[in-house]
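Subject: Handover of a structure

Dear colleague,

Please find below the sequence and structure that I am passing on to you. A summary of the findings follows.

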Amino acid sequence: MIHHVLLACPPGSEDSSRAFYVGILGLTEKPKPPALAARGGCWFTGYDAELHLGVEVDFRPARKAHPALLRPDLDALADRLARAGHPVTWGDDELPGMRRFHTADPHGNRLEFVAPLPDRTARQAVPGR
């Protein structure tokens, strides 16, 4: 089991990180331990995931590497992201049994959001349907 995923962010970007991860994605900010708070960045939790954003002086966004977060509200989340100016790119059926899309955080880091497709075989097995 993974405890957390760390994404890099540029110095001074904590406010834009909070606006995105709390305001748009609906995560909760988690206080950093005092010994780590001095380094900058911020931590977020929600939907059984924990994301840490750590300041990197020579920041370059992760455009390929990314976390894939399970979300039950894919369509509503995609709509919120698009309305907030974060383009959403839906995936096709490359990942069997899952719906998914990619977007980027305000720093350009790639994020993927996934949700399992309804189990069609379970419905087919019920007599009378």
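Does F59 count as buried or exposed, judged by its relative accessibility? Please note first that the model is a predicted one. F59 counts as buried, because its relative accessibility is 17% and the cut-off for a buried residue is under 20%. F59 is found in the loop between β4 and β5. Its contacts, leaving aside neighbours within four places in sequence, are A8, C9, P10, H107 and N109. T89 is 30 residues from F59 in sequence, and the two C-alpha atoms are 24 Å apart in space.

As to the chain as a whole, the UniProt record, an unreviewed entry, carries the annotation "domain: VOC" for residues 1-116.

The nonpolar core

The largest nonpolar core has 20 residues, and those that touch the most other members are F20, Y21, L25, L81, F101, L111 and F113. Two or more residues are given to this core by each of β1 (5-9), α1 (14-24), β3 (42-46), β4, α3 (74-83) and β8 (110-116). The largest share, four residues, is that of α3. In general, nonpolar side chains of soluble globular proteins tend to be buried together.

Not counting residues up to four places away in sequence, F113 touches L25, L69, R71, L74, L77, L81, R99, R100, F101 and T103.

The largest pocket

The volume of the largest pocket is about 290 Å³. It is lined by 13 residues, of which Y47, D48, A49, E50 and L69 are the closest to the centre of the pocket. The elements β4 (49-55) and β5 (68-70) are those that give two or more residues to the lining. Sorted by class, the lining of this pocket comprises nine nonpolar, two polar and two charged residues.

Where in the chain is D48 found? D48 lies in the loop between β3 and β4. D48 is exposed, because its relative accessible area is 86% and the cut-off for exposed is over 50%. In sequence, D48 and L70 are 22 residues apart, and their C-alpha atoms are 8.3 Å apart in space.

With kind regards

How values were computed: Residues numbered from 1 in each chain as written. Predicted model: local features only at pLDDT ≥ 70, side-chain atom pairs only at ≥ 80, totals over all residues. Heavy atoms only, no water. 1 Å grid on protein atoms, 1.4 Å probe; cavity = no way out; pocket = protein on both sides within 12 Å on 5 of 7 lines; lining within 4 Å. Points joined across faces, edges and corners; volume = space filled by probe spheres on them. Nonpolar A, V, L, I, M, F, W, Y, C, P; charged D, E, K, R; others polar. Core = buried A, V, L, I, M, F, W, Y, C linked by side-chain atoms within 4.5 Å. Buried < 20%, exposed > 50% of the residue type's maximum accessible area, 1.4 Å probe, protein only. Contact = heavy atoms within 4.5 Å. UniProt positions renumbered as here; feature names shortened; annotations may be inferred.
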